[in-house]
Each structure stands twice: as structure tokens, then as C-alpha cells.
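Then let's walk through it together, one chain at a time.

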Amino acid sequence: MSLITARDLSVSHGRRQVLRGVNISIDPGEIVTIVGPNGSGKSTLLRALLGMLRVSGQISRKPGLVVGYVPQKLALDRSLPMPVSCFLNLPTRHSPAKQAEVLRRVGVPDIARQQVAELSGGQFQRVLLARALLARPDLLVLDEPTQGLDQNGEAAFYRLIEAVRREMGVAVLMVSHDLHVVMSASDRVICLNGHVCCEGTPHVVRDAPEYRALFGQGTQGALALYQHEHDHAHHDCDHDHAAKKDIAHAG
Amino acid sequence: MLDDFLLRAALAGIGVSIATGPLGSFVVWRRMAYFGDATAHAAILGVALALLMALPIWLGTLVIALAMALAISWMSARGQSPDTGLGVLSYSALSAGLVAISFAPGVRVDLSAFLFGDILAVTRGDLVLVWGGALAIAGLIAWRWSRLLLSTLSPDLAAASGINPTREGIVLTLSLAIVVAVSLKVVGALLISALLIIPAAAARLVSSSPVAMAVTAVLIGWGASLAGLWGSLQYDTPAGPSIIVAAALIYLVLTGYSTVREA
């Protein structure tokens, strides 16, 4: 059973329709990445799936679904003192031992007593991830999680996400600009531009004319560089592809 | 013992601070200072209505402060510039209240008591009101603490955790209206915001966690109340403003302390 499914999802901000007729579903344990140009509704789609927006269409979640959310950015007001240990306890309290374990897992041990405002961008991203993981989520939702990280930091972060998925069996839905990383770290890519332009395994999407129309040929070189051990088949991507092609061409 | 007016005044100040410490911290974190001002100014309109309709003052203040607070929340939720809107609402309510009070029948009303408080005239009934309201607010905030805190930190993170940030915002809005109603007698409509903000801002200088800041703000509120009352007695100054001056002095001292410590 899918963790979360949206059918014919449309979202409007005022008069402007940001998303129209989007169909998407996330299965347990898969990594799905949404790519698309600026203003294509990527973050809106995430927020709609998380139930933060009023939408038309249908969203169904598996009963008892636990979602861990890592936002795009978090502006922390200096007037609010917030040590990492306290931040991790929002909204549910966790023992210091459990906190330490998760912080170690995401690669930032020994920062529980530091102020969140004093962390570097990369450390803060990992703390956000740690907080999301503490809820033992079925689905991890990340909105451009590597903004502000350099290329090494970015690659390391995505490797961490993959490792976490392997260990915890958590499904991952993320938004990204980083096309090359997407190609290597995702089971399935959804190319969005107000509607679903095309979707499938990274290879299928890369070769889709809709994708090329959006992103051009320019990124091909970079993409090729980042292709590696992920060329093996992923069976969970084959489902109901014909139907999705139809949607793709309708747009 | 409670016959002593000074003791009642001290108890009133201590009681109000129990609410203004944690609530004031949220006001600072959420940048609601103007919001507090507007709600407090509206209280004067509440006083006028209560006098005209022969209702208890606290009831009139509570109703109008609530209406004002909800109107502002509604306005800012619709994305109107809160700054200008707050200014318009805040001073309209204050002036309308001052005008309306002049129509109040019979006795001449002592305006300064409502504008700057009359803590030395606090009655036992007032004390019940102050303590009841303050404990209710402190309890409410303690109960919803992590939900309020996460909604303040990031409405998105709160929503993703199944918390409705709008509802938490309303909890704070209602608390603010109650604080205004119960502390009008203590520091007056013009200085309630000061009692919310100054102790919390001073507490920020020496706190490294949200809980510590809220508790320290309460302690500073107590210190300012007692010191202000003492000063008022010693130098024959108005009590409400003296309490705020004491809070400001504590803020100044802590600013100096934290500057030296960080240097």
C-alpha cells in the first residue's frame, strides 16, 4: 500500500493556479525526487502533501503515517535562545541518549548543547534531519535540503539520506535543483512544471523530451559524470507507467 | 494582613508577572510588541464601554481586548501590512475610548488610573482577578508549551508534526487579551506592553534556553515589581511607571553584564 497518494491535485495561490491535475504516490522505502524549474510548484506540492495548504483533489495517507519534514530554510530569530537538545525535543521529548545516538548517526556528534543559531549551514541541515528522524518516520520529506552547502557537502548529505533509507527503511520524498545528484540518489524522478511533465527512473526522465525541453541539453555532461552504480534496474518504478505517460503528454 | 495596601500591591505585581514572564517571552520571540500595544490601548475603549453600560471594568476590558486581538490576527492572516493596520486600530481604539469616557455619567473618572495603573488601590477582589487570570495563562502556556514553541519557531515544522500553528497563535492572542484585562489596574493600558517586553528582553541576555528565559522573565518581573513599589514609596513617585523604570534598570544592568561577559 502506498504511504501517500494524491489524485488530480490542484492548488491555487489567489488567482494563480500553481499545480493542476497532479497525480503522485509514494511507496514504502523508495526515494522519489521532484525536479523542476523555479516556480514550478515543487515546494507547493510538498506542502500540499503535508496537509499545509487548501487543495482541490484527493490526498489519502496510510492510516498512522508518520512524516518527518526537513524544511528548505529556517530563519531562527535571535531573540529565541534554542540549544540543539531543546530543538530536538520539539514537539516530542526524547531521552539524551536517544538524541546523542541520532546526532551521531547524522554525523554531528557532541553538539547537543550548542545553540542552533551558532551552527554552520551543514550542521544545521543535519540537526533538522536528526529531528525528523527522531519521530521514527515512515516518510521523510525534504525541501531542497542542501541549499547553501558546497558540492562536497551536498554529495555527503545525499549519501547520508541513502544510508538512512537503507538502515531505517524510510521512504524519502525530496525536492531538488541538483539534477546530477538526483540522478544518482533517486529511485524515481518526477519532473514538475505546474503539472507532472514526466516521471520514471532517472534514466527514463533524463531521456524524456519533456525533461529536455525544460532543462535543455546543457546538463548532460554533468549528468553523465555522476552516473555510477545506480544503473541497475529498480522494479518499483515500472508500475503504471502508461498512465503516467498520458498525463505527461496531456500537459 | 491583606488589609495592608502595600502588601496587596506587591501581591498584584507578583501575580501579574507570573503571566507576563512566559507570555512576554512569546511576544518577544514572535515580534508581537505592537500587537500587545494595540490590544492594551483597546482596553481604554473597554473601560469606557464598561462605565457607560455599568458593567465591571474587567469585563469591558476583556471583551474589547479580545475583539481587538482577534481583529488584528484576522487582519494579519489576510496578509495586510500589520504595521500600518496596527497603528490605525491601536490609536483609533485608544482615542475612541478617551472620547467615550468623557460621556460617562456621574462621577468624574480618574483617567490616569487606567492609563498608568493604580496598583496602590488594588482591592482583594482585584487580587483574585489578577491571580486567577495570571495562573490560568501560565497554566495554559505550560500545558501547550512545546506546541506553542514549535509554532513560533516554524509554522511549517509545526504543521508537519500535526500541530495547527493558527490555533496556537490564537491561544497566545487570547492570553494577551486576558493579561491586558487583569493587569490594567496594576500598570495601566499604556505600560502593559512594557511589562511584557522589558523583563523578557532582559531575561534573553542571560538565558540559553526558552524555558530559562521564561522563568527568568518572571523573576525579573518580581524584582521590578518589588523594587518599583519600594521606589514609589521612598520617592513618592507613581507606582506603575516606577515598576517599569525598575525593569528598565534591570535590563540596563544585565546588558552591561552580558557585554562584559562576552568581551
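What follows is a short tour of a sheet in chain A and of some stretches of chain B.

Keep in mind that this is a predicted model. For the complex, the predictor reports an ipTM of 0.84 and a pTM of 0.86.

**The sheet in chain A**

Let's start with chain A, where six strands make an open sheet in the order 5-6-7-3-8-9, with mixed pairing. Which strands stand at the edges? Those are strand 5 (67-70) and strand 9 (196-200) of chain A, and each has a single partner strand, so one side of each is left without a neighbour in the sheet. Going from one strand to the next, the twist averages 15°.

What holds strands like these side by side? Strands of a sheet pair through backbone hydrogen bonds, and they can do so in a parallel or an antiparallel way. Both kinds turn up here, and the table lists some of the pairs.

| Pair in chain A | Direction | Bridges |
|---|---|---|
| Strand 3 and strand 7 | parallel | four |
| Strand 3 and strand 8 | parallel | four |
| Strand 8 and strand 9 | antiparallel | four |

You can follow these pairs residue by residue. Carry on from A:Val189 and you get to A:Gly200, its bridge partner in strand 9.

**A closer look at strand 3**

Is strand 3 (residues 31-35) of chain A mostly covered or mostly open? It's mostly covered: five of its five residues are buried. In a regular strand, the side chains alternate between the two faces of the sheet. Here A:Ile31, A:Thr33 and A:Val35 point one way, A:Val32 and A:Ile34 point the other way, and all are buried.

**Over to chain B**

An unreviewed UniProt entry annotates several parts of chain B as "transmembrane region", including residues 127-145 and 170-198. What does the chain look like there? Residues 127-145 of chain B are 95% helix and 0% strand, with the end C-alpha atoms 26 Å apart. For residues 170-198 of chain B, the figures are 86% helix and 0% strand, and the end C-alpha atoms are 23 Å apart.

And the confidence? The mean pLDDT of chain B is 90, and 97% of its residues reach 70 or more.

Conventions
Residues are numbered from 1 along each chain as its sequence is written. Chains are lettered from A and ligands numbered from 1 in the order in which they are written. This is a predicted model: local features need pLDDT of at least 70, side-chain atom pairs count only at pLDDT 80 or more; totals for chains, interfaces and linings use all residues. Two strands pair if DSSP finds at least two bridges between them. Helices (H or I, at least four residues) and strands (E, at least two) are DSSP runs, numbered from the N terminus. Axes are lines fitted to C-alpha atoms, for helices over the stretch in contact, and angles run from 0 to 180 degrees between N-to-C directions. A residue is buried if 20 or more other C-beta atoms lie within 10 Å of its own, exposed if 12 or fewer, and partly exposed in between; C-beta atoms are placed from the backbone. UniProt positions are given in the numbering used here, feature names are shortened, and annotations may be inferred rather than shown by experiment. pLDDT is the predictor's confidence in each residue, from 0 to 100.
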